Number of protein chains: 2
Amino acid sequence: MNLKQLSLGVCLLLFTGTFQFSQAQEISAMQAPQVVSPDIAANGSVTFRVYSPKANEVAVNGSWMGFRETLPLTKAENGVWEVTIDPLPSTMYHYNFFIDGVAAIDVTNPHALRDGTRYASLLMIPGDGAKVFQQNDVPHGSLSKVWYDSPSLGMKRRMYVYTPPGYDSSNESYPVLYLLHGAGGDEDAWSSLGRANLILDNLIASGKAKPMLVVMTNGNAWQSSTLTMAPGVTPPTRETYAQWSGKFEKSLVEDVVPYIEENYQVIKEKDSRAIAGLSMGGGHTITASTTYPGTFGYIGVFSSGIFDPNTNMDEMKNKFIALKDSGVKEYWVGCGVDDFVMESNKRLLSVLDETGFEHDYHESAGGHTWANWRDYLAIFSPMLFK
Amino acid sequence: MNLKQLSLGVCLLLFTGTFQFSQAQEISAMQAPQVVSPDIAANGSVTFRVYSPKANEVAVNGSWMGFRETLPLTKAENGVWEVTIDPLPSTMYHYNFFIDGVAAIDVTNPHALRDGTRYASLLMIPGDGAKVFQQNDVPHGSLSKVWYDSPSLGMKRRMYVYTPPGYDSSNESYPVLYLLHGAGGDEDAWSSLGRANLILDNLIASGKAKPMLVVMTNGNAWQSSTLTMAPGVTPPTRETYAQWSGKFEKSLVEDVVPYIEENYQVIKEKDSRAIAGLSMGGGHTITASTTYPGTFGYIGVFSSGIFDPNTNMDEMKNKFIALKDSGVKEYWVGCGVDDFVMESNKRLLSVLDETGFEHDYHESAGGHTWANWRDYLAIFSPMLFK
């Protein structure tokens with residue numbers, strides 16, 4: 001419905017009573033929508049449509065389906081392919097069409113998402129399950145793409161900084177959550193697929209989370225920013241990859257934290273610094289927190305753990321004991337019951353258990369998905385800085 | 001080449017010596033690249049490829065071609081469709097594939113652009129023609145998505161604010177360029193397709209432009225932000241569209257300018273305020289500057305003009321005389337020789353001529369394109385605040 005309204009608004013600009021505008025959209029006019037898709041019914045059922053008299057085969061894959069599963073669309077005589085799915089629970093999904101096997105976003109849906117090198121179309125099923133990460137009519141913080149010097153990596157790098165509503169006109173100092181993405185992602189991930197800024201807007205508005213900054217870095221130490229190699233840096237190969245080990249974590253603590261504390265109104269102490277990450281970012285969280293005990297007072301490890309089965313567990317336990325002794329106010333672990341990193345996650349839990357490290361463990365349904373990571377952030381962030 | 005490097009880097013994360021990561025990219029694994037596309041030769045020639053044994057017809061449309069023109073790809077026995085085009089001049093382009101007539105972005109190209117409701121893949125031909133809007137190794141300003149209250153429109157709205165390199169650590173006050181998009185676009189347009197932040201980074205680094213803020217608003221007065229109707233607002237129809245006339249311009253001068261001047265380190269005087277816009281945004285520029293003479297000292301009208309042929313030209317001239325008398329340091333007009341708005345542009349030029357309003361007119365090749373608007377910004381911004 002929003003989509004129809006939008007198209008209508010845009011079409012109107014073609015000719016108006018007073019002013020005659022032409023469509024300034026320059027991207028191929030051949031993309032003008034010919035069907036309505038996705039068509040979301042009140043009960044959460046969805047109809048997908050593609051117009052192609054010429055295609056042999058059209059299918060859809062959505063995040064509510066298996067990773068490699070597809071559902072065929074059926075062609076009608078008018079050249080419109082269509083499929084209707086059973087009602088979906090209210091939450092956020094994404095999907096792709098496959099036109100004769102070629103992945104495509106839904107050209108009639110203006111909301112696309114990037115996840116690393118790939119794009120998909122957004123599908124939001126309204127209702128209670130979407131409220132925490134929808135753009136609601138509440139005060140919104142600012143989201144900034146900020147460049148900083150990283151002396152430890154010898155390059156300029158980009159990150160996203162969320163500042164909460166009221167930050168600009170306040171004299172207060174705020175706590176900071178450092179929020180790390182997974183392999184294949186970059187500094188865009190937590191605000192696009194993760195909707196971290198909207199989650200914080202909503203939780204702050206309802207009084208559930210304290211106003212805080214959220215710093216979303218690029219965890220690929222060879223990149224300066226989204227999809228971009230740093231100038232003069234040779235891309236990692238299987239042989240050279242190990243040389244990058246620990247470098248991002250060092251740059252996070254030695255470059256990013258000081259930059260934030262110098263340039264923003266923030267509280268410069270352990271109990272006002274939190275760190276959390278998903279998958280590879282959970283690995284970064286473990287490394288950064290144990291290498292620099294006393295830096296972070298709150299720690300969240302999402303769908304991750306101790307990846308290497310050959311880790312020297314005695315050494316690891318000693319590191320966790322030092323971290324525990326530094327004073328951690330909350331150690332939170334979340335993992336999906338079907339997640340393929342469950343073994344790594346269990347290694348982390350066993351270290352926490354064996355060192356008597358007080359922690360919360362949240363085992364959710366599902367696997368290695370943004371649906372889980374958005375939930376984990378919405379559970380973890382209200383625990384911070386209280 | 002960057003793409004291959006990138007894929008390599010990402011693939012490496014599947015297994016590394018110390019840590020075993022899984023690809024955290026959640027968007028359909030079926031999108032993994034099977035071919036190299038776009039494949040850019042040293043001479044600027046480009047080969048496009050699509051893997052689809054099943055398709056009947058694959059074609060490409062690019063911004064270097066006609067708006068509705070397509071070029072067919074040819075299928076080889078291995079199921080790879082391919083076409084190579086003659087060398088393109090160095091600059092930025094975009095393109096779409098059509099798989100059996102269905103528009104698609106290039107799934108092997110991680111760089112997609114949104115223009116209003118549509119997406120295309122980015123094609124950058126390196127060289128002199130791309131330098132001014134490439135991400136070069138120079139200091140970068142910050143780009144922030146900022147929400148503000150618009151009392152005149154009765155809603156919260158979003159805009160982008162570019163602050164120049166050094167802004168955060170400086171005690172200086174800066175001048176401000178208000179930069180307006182065209183019909184079909186929104187507050188994203190000037191930073192995504194327009195690359196305004198990179199253009200300013202590069203021009204400031206080379207000393208050609210003065211450090212300045214650039215404020216990129218949403219000119220669709222019924223939207224709160226990108227693609228989103230403001231809460232409680234009825235979308236415009238052909239009948240109600242006229243009621244929105246002039247409302248954005250009012251909100252720009254009465255809401256946005258005061259917000260910026262209250263919350264940023266900026267110089268609060270006419271000669272430190274510039275306004276420019278493309279197409280519909282050029283119309284907004286003309287209306288805002290003549291309705292509020294004395295507000296802006298620098299004015300740029302890109303591919304636009306006086307749209308309504310029934311405008312009362314005597315009234316219009318009086319407005320321009322009042323604007324001229326307020327003291328305008330630069331009035332700059334740019335239009336492509338093939339642009340369909342040339343008649344509107346000529347009406348503007350005739351008003352400027354007939355009122356003896358000193359101005360610069362830049363007539364470029366081409367039409368109503370982002371290639372022109374990026375150029376115009378790169379010509380106009382160095383003239384500001386000198």
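Hi everyone, let's start with a proline: B:P38 sits in the loop between α1 (2-12) and β1 (39-40) of chain B. What kind of peptide bond joins B:S37 and B:P38? That bond is cis, with omega at about -5°. Before I go on, please keep in mind that this is a predicted model.

Chain A has a cis bond to report as well. There, the peptide bond running from A:S37 to A:P38 is cis, and its omega is near -5°. A:P38 is placed in the loop between α1 (2-12) and β1 (39-40) of chain A.

While we are on backbone geometry, have a look at A:L227. This residue is not a glycine, yet its phi is positive, about 65°. Where does A:L227 lie? You will find A:L227 in the loop between β15 (223-225) and β16 (228-229) of chain A.

Now for the domains. Chain A is divided into domain 1, covering 22-127, and domain 2, covering 142-383. Taken over C-alpha atoms, the centres of these two domains of chain A are 33 Å apart. Their contact takes 9 residues from domain 1 of chain A and 11 residues from domain 2 of chain A.

There is also an annotation to mention here. An unreviewed UniProt entry lists residues 51-112 of chain A as "domain: AMP-activated protein kinase glycogen-binding". In the model, that stretch of chain A is 0% helix and 45% strand, and 19 Å separate its end C-alpha atoms.

How much area is buried between domain 1 of chain A and domain 2 of chain A? The figure is about 810 Å², and carbon and sulfur atoms give 56% of that. On the domain 1 side, A:M92, A:R114 and A:D115 supply 62% of the area that domain 1 of chain A buries against domain 2 of chain A, more than any other three residues.

What about charges and polar groups? Between domain 1 of chain A and domain 2 of chain A, the count is 2 salt bridges. The side chains of A:R114 and A:D188 form a salt bridge, at 2.5 Å from N to O. The two domains of chain A also have 3 residue pairs in polar contact, with both residues at pLDDT 80 or more.

Which strands build the domain 1 side of this contact? In chain A, β7 (92-99), β9 (112-115) and β10 (118-124) each supply at least two residues of the side that touches domain 2. The most comes from β9(A), with 3 residues. By class, this side of domain 1 of chain A has 4 nonpolar, 3 polar and 2 charged residues.

Let me finish with salt bridges across the whole structure. Searching all chains turns up 24 of them. In one salt bridge, the side chains of A:E261 and A:R273 meet at 2.6 Å, N to O. That pair links distant parts of the chain, 12 residues apart: A:E261 is in helix α4 (residues 247-263) of chain A, while A:R273 is in strand β17 (residues 273-278) of chain A.

Note on methods
Residues are numbered from 1 along each chain as its sequence is written. Chains are lettered from A and ligands numbered from 1 in the order in which they are written. This is a predicted model: local features need pLDDT of at least 70, side-chain atom pairs count only at pLDDT 80 or more; totals for chains, interfaces and linings use all residues. Side-chain values use heavy atoms; hydrogens and water are left out. UniProt positions are given in the numbering used here, feature names are shortened, and annotations may be inferred rather than shown by experiment. Helices (H or I, at least four residues) and strands (E, at least two) are DSSP runs, numbered from the N terminus. Domain bounds come from an automatic or database domain assignment. Contact means heavy atoms within 4.5 Å. Buried area is the accessible area (1.4 Å probe) that two parts lose on being put together, summed over both. A salt bridge is a side-chain nitrogen of Lys or Arg within 4 Å of a carboxyl oxygen of Asp or Glu. A polar contact is a pair of N or O atoms within 3.5 Å; within protein, one must be able to donate a hydrogen and the other to accept it, and residues adjacent in sequence count only if both atoms are side-chain atoms. Ala, Val, Leu, Ile, Met, Phe, Trp, Tyr, Cys and Pro count as nonpolar, Asp, Glu, Lys and Arg as charged, and the others, Gly among them, as polar.
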